[in-house]
Amino acid sequence: MWYIFGACVVSNNSSQLTKPLPRVLAVANQKGGVGKTTTAINLGTALAAVGETVLLIDMDPQGNASTGLGVPKSARTTTIYDVIVDQKSIDDSAIKTSVPGLSILPSDPDLSGVEIELSQADRRSYRLRDAIENQSREGSVNYSYILIDCPPSLNLLTVNAMSAADAVLVPLQCEFFALEGLSQLMRTIDLVRGSLNPQLELQGIVLTMFDRRNALSGHVANDVRSHFGDKVYETVIPRNVRVSEAPSFGKPALIYDLKCTGSQAYLKLARELVSREKQRREMHAA
């Protein structure tokens, strides 16, 4: 079991190391229906299961990640909207879930108005980044990972997520049209890197909804691996009924049915992600 942290924050009034920074990953794909929210929920749960402390930020006005983790609308008294627009603290807004080690910063439909409300605001593209930096410096919880579930479009919310992230994790459905969406997403990452966040990188691509009975799934997987090489995770998330059922019960698949193939795949994905992050840190330290 590994515990992966970023660099440490240095206090303004001393050289004493205070808190480790979380690794911030934007779970993004501009195409809908690729398993993005499902991946964010279950990867966050799996990371918590292997010992990490995780915050999932629901950046989609539909609030599906919040619903999928069993957070009723009545409990969403303070949301990511309040953090971005009113600059509330993450500590005051995050909610602990039923999964030990996993918290969520929920969303609600008010988030759809952010683009208009912040049209003239200072640092409108960095509101989430500023909130995460403040939490890392002053917050009461040390998160090792922050996962941001992005909306399936390029708007101010997605820009805020990518401006705040260290890297982008891309769930990719194993179907033909998903490849077109991937090329568009890569252009978006390049644009954000060039103008807002020079450190942004592609953390990895996760193949989702893989059906071994369907030859197209294999062709798509081979095409993606030939183009992106080791950026594509070895772990593949299969198409699985139990994973699809879980959100209707307000539970991650790992809680709903730990033994199903989808849950076991997400546990394997979490271990692979942590291993990759360990290798990344070792390379940077060398």
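This briefing describes a pocket, a cavity and a nonpolar surface patch in one protein structure. The structure is a predicted model, and the values given here are computed from it. A search of the whole structure finds one cavity of 30 Å³ or more, while the second largest pocket holds about 310 Å³ of space.

**The second largest pocket**
- The residues that line the second largest pocket are R23, E201, L202, Q203, D230, K231, R276, E277, Q279, R280, M283 and H284.
- Two elements, β9 (201–210) and α12 (261–285), each supply at least two residues of this pocket's lining, and α12 gives the most, with six residues.

**The largest cavity**
- The largest cavity contains about 40 Å³ of space, and its lining is made up of T38, I41, N42, V243, A246, P247, K251, P252 and A253.
- Helix α1, which covers residues 36–49, gives the most to the lining of the largest cavity, with three residues.
- By class, the lining of the largest cavity has six nonpolar residues, together with two polar residues and one charged residue.

**A nonpolar patch on the surface**
- F176, F177 and L216 make a nonpolar surface patch of about 320 Å².
- One of these residues, F177, lies in helix α8, which covers residues 176–195.
- F177 counts as exposed because its relative accessible area is 56%, and exposed means over 50%.

Definitions and conventions: Residues are numbered from 1 along each chain as its sequence is written. This is a predicted model: local features need pLDDT of at least 70, side-chain atom pairs count only at pLDDT 80 or more; totals for chains, interfaces and linings use all residues. Side-chain values use heavy atoms; hydrogens and water are left out. Patches are made of residues with over 30% relative accessible area and no salt bridge: like charges are joined within 9 Å, nonpolar side chains (Val, Leu, Ile, Met, Phe, Trp, Tyr) within 5 Å. Accessible areas come from the Shrake-Rupley method with a 1.4 Å probe; for residues, only the protein chains shown count as cover. A salt bridge is a side-chain nitrogen of Lys or Arg within 4 Å of a carboxyl oxygen of Asp or Glu. Helices (H or I, at least four residues) and strands (E, at least two) are DSSP runs, numbered from the N terminus. Buried means under 20% relative accessible area, exposed over 50%, partly exposed in between (1.4 Å probe, protein chains only). On a 1 Å grid over the protein atoms alone, a cavity is a set of points where a 1.4 Å probe fits but cannot get out, and a pocket is an open set with protein on both sides within 12 Å along at least five of seven lines; lining residues have an atom within 4 Å of a point. Grid points are joined across faces, edges and corners, and a volume is the space filled by probe spheres set on the points. Ala, Val, Leu, Ile, Met, Phe, Trp, Tyr, Cys and Pro count as nonpolar, Asp, Glu, Lys and Arg as charged, and the others, Gly among them, as polar.
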